[in-house]
Amino acid sequence: MKTKLTYLLGLLTAVTLLSGCDDQFDEINTNKVDPTTLAPSFVMNKAIIDANYLDGFGTLQMLCYEFGIVQQIITPYGSSLAGANYNQNNVSNTPLVWQNFYRNVLKQVVDVVEKTKDDPNRTNLYHMARIWKAYSFMILTDTYGDIPYTEAAKGYISEITSPKYDTQQSIYMDILKELDEASAGLDATKTIETTDILYGGNITKWKRFGYSLMLRAAMRLTKVDPTTARNYVTKAVAGGVMQSNDDNAVMRHTALYNNWIANHLQAREKTNFYLAAPFVNYLKSNNDPRLGSIAVRYVGAKGGPEQVDARASTDPKVQVGMPMGYDNVTISAPAVLAQNGVASLWDFSQVNLKTVLKLDAPEFHVTQAQTQLLLAEAAQRGWITGNAADYFVKGVRANLEQMAAYDPAAAIPEAAIQAYLTAHPFETAKALEQINTQYWVASFLNGPELFANFRRSGFPTLSKNPYPASEITEDFIRRMPYPDSETIVNQQNVNEAITRQGPNTLSTRVWWDKK
């Protein structure tokens with residue numbers, strides 16, 4: 001009896017103690033530091049940050065493919081750096097844009113769209129997210145063609161783990177619709193997203209960005225659907241595109257948050273990449289003052305350790321671009337070096353890592369210069385009112401002035417700007433070539449846009465890379481192949497896209513890239 005009583009008293013005491021702790025149990029077991037949810041405005045910022053030169057993940061894809069295809073930056077080295085320099089498929093680098101945008105950018109921005117679409121207090125954030133989503137999908141579809149779109153980035157939201165591939169035509173129709181609706185939907189009388197890292201929530205600038213992006217998207221269709229192109233170009237102009245360099249969609253960097261291409265080159269690849277001869281020669285032959293802002297040559301260097309400040313020259317007259325079609329062995333042949341007037345492959349001109357690619361150099365997504373040049377083409381086609389020559393001059397001037405944003409040492413004096421504009425007037429007979437060649441220069445370091453507009457416009461006029469071991473059947477690479485990982489996890493949908501679009505190779509053209 002005593003044992004049973006003792007047991008009951010002990011049990012009663014334990015229950016009393018436990019009940020006494022219940023009052024603060026939830027508070028004790030709550031982690032006040034680790035959040036369980038994130039504000040959609042912060043998620044939006046992460047989506048913007050991750051798209052900046054692909055947040056490091058896609059840096060090699062731009063350096064090895066996009067810059068090389070348009071013949072602005074090239075490497076003579078193979079192995080992990082093989083790409084457009086050899087016109088070969090390097091399966092380590094061609095999937096990088098795909099991986100970063102689907103795994104990071106779109107996962108985040110789609111989440112923002114879903115969380116804000118029914119929130120009347122976050123309509124501006126909702127429309128901003130739609131614009132950034134459209135921008136991100138443009139890069140993906142321009143790079144690969146048919147891609148997952150309507151079912152993309154919904155693994156968590158809708159448990160779709162094997163998304164279907166939409167046609168590029170349907171994707172572009174929806175992108176244009178989204179940009180039209182989202183740009184018009186932005187409202188300065190509604191909640192302002194002051195934490196926005198792109199424009200600080202400035203609705204006027206976001207609208208101009210949205211409509212300028214719509215202009216870019218519409219102009220992609222010039223060869224395949226000029227009626228739709230003209231319709232949306234007209235809407236973009238009516239809505240209000242960028243008016244000055246103050247409207248540029250630009251990501252600014254600091255000593256702590258670096259420009260990814262600059263970081264990559266300065267940390268690992270400084271001696272491996274060089275300005276290509278077609279780009280340098282074009283700037284030199286036209287006395288383009290941008291060459292002095294962009295290029296540096298370590299005159300007489302016979303190895304990486306000799307690329308030192310004492311040899312550095314930014315004088316446009318001494319710049320020598322690396323010719324296309326060589327590897328690190330053939331470029332070093334005495335006859336080739338003598339023909340180019342250099343001491344070694346390390347003596348060719350490079351991108352200046354103290355100006356346009358210093359660690360805190362800004363990076364540009366959509367600019368006033370690009371916008372005005374596209375307007376010049378639209379005016380030349382008779383799609384909008386205004387004088388094509390006026391738009392052209394505004395576009396070229398905007399890019400010349402934009403150089404100052406990189407560094408004071410890259411700034412071009414007004415006298416030099418005026419002299420260049422005077423020496424290179426608009427020529428109606430060569431309008432499309434002139435406009436899009438200037439677009440090529442104005443888009444320097446923006447890999448996806450360089451690659452896309454070169455395919456769309458056919459300018460500048462470049463010679464085929466003569467490297468002898470080319471894997472392509474076209475004169476130039478036309479797209480990036482789908483990643484091998486997609487074949488493993490989403491084979492049925494990949495095969496359907498390939499059947500519809502064409503072989504999964506570097507030579508297959510995307511829908512808007514009509515011959």
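This is a predicted model: local features need pLDDT of at least 70, side-chain atom pairs count only at pLDDT 80 or more; totals for chains, interfaces and linings use all residues.
Me: What volume does the largest pocket have?

Reply: The space in the largest pocket comes to about 670 Å³.

Me: And which residues sit closest to its centre?

Reply: Tyr-102, Lys-107, Ala-153, Lys-154 and Gly-155 do, out of 28 residues that line the largest pocket.

Me: Which helices supply at least two residues of that lining?

Reply: There are α3 (40-50), α5 (96-116), α7 (155-158) and α20 (484-489).

Me: Which of them gives the most?

Reply: α5 does, with 8 residues in the lining of the largest pocket.

Me: How do the lining residues divide into nonpolar, polar and charged?

Reply: For the largest pocket, 13 are nonpolar, 7 are polar and 8 are charged.

Me: OK, on to the second largest pocket. What is its volume?

Reply: The second largest pocket has about 320 Å³.

Me: How many residues line it, and which lie nearest the centre?

Reply: The lining of the second largest pocket has 16 residues. Nearest the centre are Tyr-282, Asn-286, Glu-433, Gln-434 and Thr-437.

Me: Where does the largest share come from?

Reply: From α18, which provides 5 residues of the lining of the second largest pocket.

Me: And how many of the lining residues are nonpolar, polar or charged?

Reply: In the second largest pocket, the lining has 7 nonpolar, 6 polar and 3 charged residues.

Note on methods
Residues are numbered from 1 along each chain as its sequence is written. Side-chain values use heavy atoms; hydrogens and water are left out. On a 1 Å grid over the protein atoms alone, a cavity is a set of points where a 1.4 Å probe fits but cannot get out, and a pocket is an open set with protein on both sides within 12 Å along at least five of seven lines; lining residues have an atom within 4 Å of a point. Grid points are joined across faces, edges and corners, and a volume is the space filled by probe spheres set on the points. Helices (H or I, at least four residues) and strands (E, at least two) are DSSP runs, numbered from the N terminus. Ala, Val, Leu, Ile, Met, Phe, Trp, Tyr, Cys and Pro count as nonpolar, Asp, Glu, Lys and Arg as charged, and the others, Gly among them, as polar.
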